[in-house]
Amino acid sequence: MAKSTCGKCGSHNFETVVNTPEQSKFQLLFIQCAECGNVVGVLDYFNIGTLIKQFAKRLHINL
Ligand SMILES: [Zn+2]
């Protein structure tokens, strides 16, 4: 399997950091290089799949 590589510094170590960009009303999860901070991806703070399962369980819906 190929190993993910930072396009800026060549590191293979990544981390998830909670961040609220300027002009944003929401927290986001930045996937970034653990060595230089180069952002390679952004995710919603809440995991939508997990939230849907929680709501379905409360509504007694089997997914
Ligand atoms: Zn890097």
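Let me begin with strands S1 and S2: they pair in the antiparallel sense, over six bridges. Two strands count as paired if DSSP finds at least two bridges between them. The strands themselves are DSSP runs of E, at least two residues each, numbered from the N terminus. One of the bridges joins Phe14 to its partner in S2, Cys33.

A word on the source. This is a predicted model, where local features need pLDDT of at least 70, side-chain atom pairs count only at pLDDT 80 or more, and totals for chains, interfaces and linings use all residues. Residues are numbered from 1 along each chain as its sequence is written.

Next, the other pairing. Strand S2, residues 28–33, also pairs with S3 in the antiparallel sense, over five bridges. Here Gln32 has Val39 in S3 as its bridge partner. S2 and S3 form a hairpin with five residues between them. Gly37, in that turn, has a positive phi of about 85°.

What is the order of the three strands in the open sheet? The order is S1-S2-S3, with antiparallel pairing. S1 (14–19) and S3 (39–44) are the edge strands, each pairing on one side only.

Definitions and conventions: Helix = DSSP H or I, 4+ residues; strand = E, 2+ residues; numbered from the N terminus.
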